[in-house]
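Thank you for making time today.

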Amino acid sequence: MFLARSVAVALVASLSLALGCVADASPVEPDEEPAAGTSEDELTFRSTATSNVNLRDGEVVLTFDDGPAATSVDVAELLRSRGHTGLFFAVSHHLGSVEGGRARLDDVAASRLGAIAARGQLVANHTHNHCIRGVSQSAPCSGRGFADLPSAEMKRQVESADILIRAALARSDRSSAYLPFFRAPGNSWNAGAATTLASASLPTAAYGPIAWNLPRAGEEDFQCWRRNESVATCANRYLSAWDALPSGGQKAVVLIHDNFPNAAALTRAVLDGLVGRRTKAGNTVRVVRPGCVVGCTR
Ligand SMILES: [Zn+2]
């Protein structure tokens, strides 16, 4: 789907306002290169995933996947206490079901999403059933990854999540906490998925997919927990991945799964290790708002 430039410019402007795209910490040095601009085909669904391309050296966006779970609120509280805004990609089967186009909310899960939002955090779309190829055996995934799903089911996955997230946030009077970004489960994506989702019934500012570049593949937190590693060991994997980024390109969309017991402790350890240190290029590492993945006013 291509948008007329004027529409795209208006969308970018409204996105910037709606997302409150302001860096969490002090502005970057004036001699730093401006971030890449946002063009019309960077909005809606793209054929390839976006991660850190619009960030500047030293900037970090915090993303959390697969909640809401009981542990999600601890993560949100930690971020609030440090003045950071993270983006929580929710899997909506936790939140209830959609029947006849209407949300039937699970009260506990819906209140958790409200609690996340009440702590100043943002919520985004991570599908309804989180289909992972070869892992999610029950229907409707039936062993298929998200990008393998038939068009109608793919749309249903994203539209159901949209309906349930909006309903849960509205119940807590936190509708403004919804940032309609999308992340594909397991980064399962292709150009056909972009075409399919361009015609899904979603908010006009829907955008995706959002990928991540930290940790490295194979070093995700769930791998740490599967290996019974400590929080410190897991955090060091994240920090060594940061250290391996090139000079001038130390910028990251960080992924932590908020549905594990160690999620808040890992988040704390990663923030303690990153925030405030200097990049190889001499910039101070700082957390910026999630909308900066698309491009934001700093
Ligand atoms: Zn996930």
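Let me start with the largest nonpolar core, which has 78 residues, and among these Leu-113, Val-123 and Val-254 touch the most other members. By such a core I mean a set of buried Ala, Val, Leu, Ile, Met, Phe, Trp, Tyr and Cys residues joined through C-beta atoms within 7 Å, where buried means that 20 or more other C-beta atoms lie within 10 Å of a residue's own, with C-beta atoms placed from the backbone. Helix H4, residues 151-171, gives this core its largest share, 9 residues; helices here are DSSP runs of H or I with at least four residues, strands are runs of E with at least two, and both are numbered from the N terminus.

This is a predicted model, in which local features need pLDDT of at least 70 and side-chain atom pairs count only at pLDDT 80 or more, while totals for chains, interfaces and linings use all residues. Residues are numbered from 1 along each chain as its sequence is written.

Leaving aside residues up to four places away in sequence, Leu-113 touches Pro-68, Ala-90, Leu-95, Val-123, Ala-168 and Leu-169, a contact being two C-beta atoms, placed from the backbone, within 7 Å.

Turning to helix H5, residues 191-198, we find Ala-193, Thr-196 and Leu-197 buried. These residues lie on the same side of H5, because they cover an arc of only 90° around the axis, taken from the directions from the helix axis to the C-beta atoms. What covers them includes strand S1, residues 44-50, and H4.

Key
Buried ≥ 20, exposed ≤ 12 C-beta atoms within 10 Å, placed from the backbone.
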